[in-house]
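Please keep the sequence and the structure in view while reading the points below.

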Amino acid sequence: MYRIPRGTQDILPEDQPYWRFLQGLIHRLCQLYGYQQINTPIFEETSLFVRGIGEGTDIVEKEMYTFKDKGGESLTLRPEGTAPVMRAYLEHGMWVLPKPVKLYYIVPIFRYERPQAGRYRQHYQFGVEVIGEQDPAVDLEVISIAWHLYREIGLKGVSIQLNSIGCPKCRPGYVKALVEYYRGHEGEICADCKVRLKRNPLRLLDCKNEGCQGIIEGAPRSIDHLCTDCRQHFETLRSYLDFMGLPYDLNHRLVRGLDYYTKTVFEFWAEGIGAQNALGGGGRYDGLIEELGGEPTPGIGFGLGMERIILTMKDQGIQVPELPSPKVFIAHRGEAAKRIGLKLLASLRAAGVGAVFAFGDRSLKAQMRQADRAGVDFTLILGEREIESGQVTVRAMAKGEQFEVGMDDVVDWLSQRVLKPIGERL
Ligand code: HAM
C-alpha cells in the first residue's frame, strides 16, 4: 500500500464544503476590495527564492524543495507566494498599470518542515500583494482584508500582532544595539540563539526556548530605533487602525521569517489551536522589487494559511453550508426503459437539474435503496408500463407520495419542484 507523503494531506469530499466556503468568501472579498487574481507556476528558478527570501532564512537554508530538472536547471517548489508574484509583475511589465497594482492568489506552498498539527509540508495560502504605493492607508487596507475575512467566517479570539522593523537606513542601527545587548548575555542564551546572533540577529527575538524569554523581554525594541520616515509611517498606520476601530497588540518581538520585510510587519494569531497559532502574516517589502531587478517600488501583502483557518473553524464549531448535490435519481427496469432513462438524465442535466442514474441492472428494490442513500428528493421510475403509457412515475422521497407525469413534461415538472437547479448554486 502506498501512503501519502509525510506532512501532506488529502482533502477528502467531506472537507470540501469548508474549502469551497472559504474560497468563495475570498473571491467575494477580493472583488469587494478591488484585487485581481493571479496564478504563477508551482515552481520557479531557485535563485528567485534565494534572492527574494534571503540566504540566511530557515526557508532558504532548510525548507526548500529544490531539484534539478532534466535540462540541469535548478528549480524550487514555491515555498512562499510573494517572490513569484513580484517576478510576474516585472516580467509582464505590470508597472505600466495604474498604481497600486492589487493582486491575490490561493496557491499551494511547499516547505520541508517538521510536520505537526497545523504545520505541513504542503499547505495552501490565500495571499494578497499591493505593489507601487507607500501610503500607510494601504497597510490599513491589507490588514483590513484579513480581519474582514476572519469576521465573515465568524472566528473568535483572533488578534492582530503589529510591529515595525524599519528600513535599510535605520535597521542596521537597531541590529547593532540588539547584538550589543545580546553580547552581554551570550553565556545565558541557547545554542540556536548563539547561531542567530552571528547569522540573523533579528530572529533572536523569535526564540521559543524557555531560558531565552527573560533576555528577549529586556532586549532593545525596533520601534525605538526607527528613522523619521519609518516612525511617521508606523504612527500614521497606528492612528488609522485606531480610527477604524481595528484592535491590535504592539508586539516588539514580531520580526517574521523572511528577509524582504521593511517597516510594517504583522501577524494574525488564533486562540486555542496549539503551537501553530499564526493564522497568517505579512508586511511591507519596499526593497524587494529592486532586489529582483526592478525600479525601486514599494509593496505590501500577507499570506494566510488556509488549513489553519479551517482547523480553527472546526475547533470553534463553525458550520458551513453543504455543497449542493443532485436531487433526482433515475431508476429503470428493462433495456428500453434504461435508454429512455438515459435520455431523461441528459435532458434534466441540460436543464440544470442535478440527476444521477442507477448504473448496472439491479432489481428495482435495490435501485430504490440506492436512491435513498443518494439523498435525492425525487426518483423517476421507468418500466415497461411507463413506456407503454407515456407516463413516468415520480416518487417524492420524503413523504413517499407518487405522481404520474407525462414523459414530455417531466423535466419541466421537476425543474419547478427541485428548489434551485444545481448550476445556479455552484
Ligand atoms: P509566512 O508567515 O511564512 O509568510 O506564511 C504565511 C502563513 O501561512 C502563516 O501565518 C501560516 O498561517 C501559513 N503557513 C506557513 N507555513 C505553514 C505550514 N508549514 N503549514 C501550514 N500553514 C503554514 C509568507 O509566506 C509570506 N509570503 C506572506 C506575505 C505575503 N508577506 C507579504 N506578502
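Glu186 lies in the loop that joins helix H6 (171–183) to helix H7 (191–199); helices (H or I, at least four residues) and strands (E, at least two) are DSSP runs, numbered from the N terminus. The model is predicted: local features need pLDDT of at least 70, side-chain atom pairs count only at pLDDT 80 or more, and totals for chains, interfaces and linings use all residues. Residues are numbered from 1 along each chain as its sequence is written, and side-chain values use heavy atoms, with hydrogens and water left out.

- Glu186 counts as partly exposed because its relative accessibility is 31%; buried means under 20% relative accessible area, exposed over 50%, and partly exposed in between (1.4 Å probe, protein chains only).
- Leaving aside neighbours within four places in sequence, Glu186 is in contact (heavy atoms within 4.5 Å) with Lys194 and Leu197.
- Glu186 and Leu197 are 11 residues apart along the chain, and 8.9 Å separates their C-alpha atoms.

**Domains**
- The domain assignment, which is automatic or from a database, gives domain 1 (13–170 + 226–315) and domain 2 (328–415).
- Between the C-alpha centres of domain 1 and domain 2 there are 51 Å.

**Nonpolar cores**
- The largest nonpolar core has 52 residues, of which Phe126, Leu149, Phe268 and Ile309 touch the most other members; such a core is a set of buried Ala, Val, Leu, Ile, Met, Phe, Trp, Tyr and Cys residues joined through side-chain atoms within 4.5 Å.
- Helix H5 (residues 136–153) gives the most to this core, contributing 10 residues.
- Apart from this core lies another, of 46 residues, including Val101, Val107, Leu254 and Leu288.
- Not counting residues up to four places away in sequence, Phe126 touches a set of residues that includes Ile26, Tyr104, Leu149 and Phe302.

**Helix H13**
- Ala366, Gln367, Met368 and Ala371 are buried in helix H13 (residues 364–374).
- The cover over the buried residues of H13 includes strand S12 (328–332), strand S14 (378–382) and strand S15 (391–396).
- After H13 comes Gly375, with a positive phi near 70°.

**Phe67**
- Phe67 is placed in strand S3 (residues 66–68).
- With a relative accessibility of 32%, Phe67 counts as partly exposed.
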